[in-house]
Amino acid sequence: MTTPPTPGAPAPEPSSVDEPTEARAPLPPKPDQTGPETVSPTGQPTGADQARVAQSGAYLTTAQGTRLYDTDHSLKAGARGPVLLQDHHLREKITHFDHERIPERVVHARGAAAHGVFRGYGTAAGVCRAAFLGKDVETPVFVRFSTVLGSRGSADTVRDTRGFATKFYTSEGTFDLVGNNIPVFFVQDAIKFPDIVHAGKPHPDREIPQAQSAHDTFWDFVTLHTEATHHTLWNMSDRGIPRSYRMMEGFGVHTFRLVDADGGTTLAKFHWKPKLGVHSLVWEEAQIINGVDPDFHRRDLADAIEAGAYPQWELGIQTFPDTPEQTFEGIDLLDPTNIVPEELAPVQPIGLLTLNANPSNFFAETEQVAFHPGHLVPGIDITDDPLLSGRLFSYLDTQISRLGGPNFAQIPINRPHAPVNDMLRDGMHQTAVHRGVAPYRPNSLDGGCPFLAGADTGAYVETPVQVPAAKKVREAPVSFADHFSQPRLFWLSMSPVEREHIIGAYTFELGKCYEQAIKERGLRVLANIDSELCRRVAEGLGLPAPEPTVPLAEVAPSPALSQVGRTWPAQGRIVGIVAVPGGDLDGVRAARSAALEAGLVPLVVAPTGGVLDADGEPITVQRTFVTARSTEFDALLLAGVPERGADAYGARDAKAGDAATAARGIDPRVLLMVSETFRHAKAIAAWAGADGVLQAAGVPLDAPGVAVAESGERALAEVLTLLPAHRVWERFPAAL
Ligand code: HDD
């Protein structure tokens, strides 16, 4: 039985992180538990964020602030007797728990987010009057990345589109840029959104497959509804399996209308360009990661920020004259299945985004953040893209069921940083205590009416665009009917390696469909993109390749669409350094320091945990042969044991020197690590006799991107020259 304590004992100073034995003040917040300030609906700093630790007092209390003496036992009639209904603490605790979950987002349920800052370059001033784009203006932001199809608990590295949603807390109100990592969309009209989502989500009878597009209903829809072809092709490309959220481009997708200080307008598309470049996984890696580390992207983002390697993107715009046709070089700017190649309209940088703080509480921030394409600020207006029009309704609406009512803007993460002076009142989860008696306009009470602003005093004034005199119709313009020339443009812009990946992806996804008719229809769509693509996928499916039903478009490739052939900073890339006790640990130390100096993240891998070389300067083991998998590393180094060669990597039960075949004696987990690293075209270097391990794993020592070095430092230098290209592309397509 628990004895009620004597109340009122003073709280001593905190001394350790152990379970306290007597009442004490809470521990101070850790550095990563502080986040950007938020303000109340009236622009005042809130108290809600001041206590960013779980504990806010010395004693545990009920929700009503009454101190508790026991929270581990229900109130019972005797220790072995029935639980009593009068136990109000039991009921409060369980009732709250029963309601802890809210509905997950209907799409984009799985995500990760970070706080940051956006700094304007001032270069957009000629076309856009938005204050946050001004030179050196700094605006707090919250960015949420996501997959689309999977549930909240699904894996990160599935083949899917990624969401890239940014909330700018500007001085003129909140601006949300709710984009994706793919610049086009599946449907041209929002009325089709439920169809594509129903087709992509798990089948309604068995609720499988989770977070996958490789199933009949998805391919049924996208092959019948050919405006989805362009987006689907991007999904089947490497863009569908990003290496990291930090290495993704982002796109606003729609064409927006920018307004300058004089009311002049320009059409524009938004782009996010990652400083670390655009990199992807290979399909086998993505599948392995889904098993060994389903939180791969979430972890990568949080780890990078915690380590101070703040990810950055440049915001850029492509601009087009605002003509009545709303086309550019023959491309319909209102059709969200179109891109405008960067070679025709260069992306002009207008500001820099830096993500520099992890959320303190996933639910409060990442889960409750509510984005809405209708959160606009003066200077940024919409166009008549029919997809955007429907979104302007949907996002506000969905928050009402997801966040429980119309007051979600009062949740700290959603509060504008600009002063709010609205006349919205009451409703579920109202937390503001509004004063006064006249929440209406006009009024003569409460000090009179709030003034209405004009364009010169910061009002959001819609651009008075001329609407064509027309009949009401349920129709799309004729220009929306070309579904194949842009997919062909994308295909022709890919390097040979990227084309192989696309062929592999279609062969896998269509191959997973049960219905023969869907596979055949899929091939008919591919025939209209490119004959070679169609032929190769048909070969993989064991089906005849059909002829195209439309003339193949004459389009110029856009080299900017390819991820291969350019180099990017290697900073933040992860290098596994595999070592065994007794090996060249000085070499490991040297490789580690050189890696850190180059801004890489070295992770030492050894047979067991603890430290290597406990007698000398110890090297902490960060991964063991049990916890390491090649997929975590962008490059692999292997340290040998000079006199013992590959035998030092012997499996636990293998005798040293017992090498009837080289591979038999070597720990199979090391062989797997090496062979996967090789197959996935990553840089590998070995020294001090560890080249025997490479050979035992079947890695030719003269293959591109494989180095046998004379020291640990040299080995690191070898892989460092290869990392900026991301992979050793010459090893493809034989690899995967
Ligand atoms: Fe959407 C969420 C991006 C079309 C309806 N969408 C959502 C998110 C992103 C996008 C990034 C996640 C936001 C977050 O992290 O909370 N959506 C897009 C893009 C589109 C698009 C780039 C096309 C260009 N979406 C689209 C249409 C509709 C929706 C046409 C409906 C007609 N989207 C929603 C939604 C979601 C959403 C159901 C789910 C959760 C939420 O809004 O807040 O309302």
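Of the 736 residues of the protein, 43% count as buried. The model is predicted. It contains 16 helices and 20 strands. Its radius of gyration is 29 Å, close to the 27 Å that the globule rule gives for 736 residues, so the protein is as compact as a globular protein of that length.

**Overall dimensions and contacts**
- Along the principal axes, the C-alpha atoms of the protein fill a box of roughly 95 × 85 × 55 Å.
- Among contacts in the protein with a separation of 6 or more, 71% are between residues 24 or more positions apart.

**Annotated active site**
- An unreviewed UniProt entry carries the annotation "active site" for His-108 and Asn-180.

**His-108**
- His-108 lies in the loop between α1 (88-98) and β1 (111-120).
- His-108 counts as buried because it has 22 C-beta neighbours inside 10 Å, where the cut-off is 20 or more.
- Apart from neighbours within four places in sequence, His-108 is in contact with Ser-146, Val-148 and Gly-163.

**Asn-180**
- Asn-180 belongs to strand β4, which covers residues 173-180.
- With 24 other C-beta atoms within 10 Å, Asn-180 is buried.
- When neighbours within four places in sequence are left aside, the contacts of Asn-180 are Thr-161, Arg-162, Gly-163, Phe-164, Phe-251 and Val-253.
- Gly-163 is in contact with His-108 and also with Asn-180.

Key:
Residues are numbered from 1 along each chain as its sequence is written. This is a predicted model: local features need pLDDT of at least 70, side-chain atom pairs count only at pLDDT 80 or more; totals for chains, interfaces and linings use all residues. Helices (H or I, at least four residues) and strands (E, at least two) are DSSP runs, numbered from the N terminus. The radius of gyration is taken over C-alpha atoms; the globule rule is 2.2 Å times the number of residues to the power 0.38. A residue is buried if 20 or more other C-beta atoms lie within 10 Å of its own, exposed if 12 or fewer, and partly exposed in between; C-beta atoms are placed from the backbone. Two residues are in contact if their C-beta atoms, placed from the backbone, lie within 7 Å. UniProt positions are given in the numbering used here, feature names are shortened, and annotations may be inferred rather than shown by experiment.
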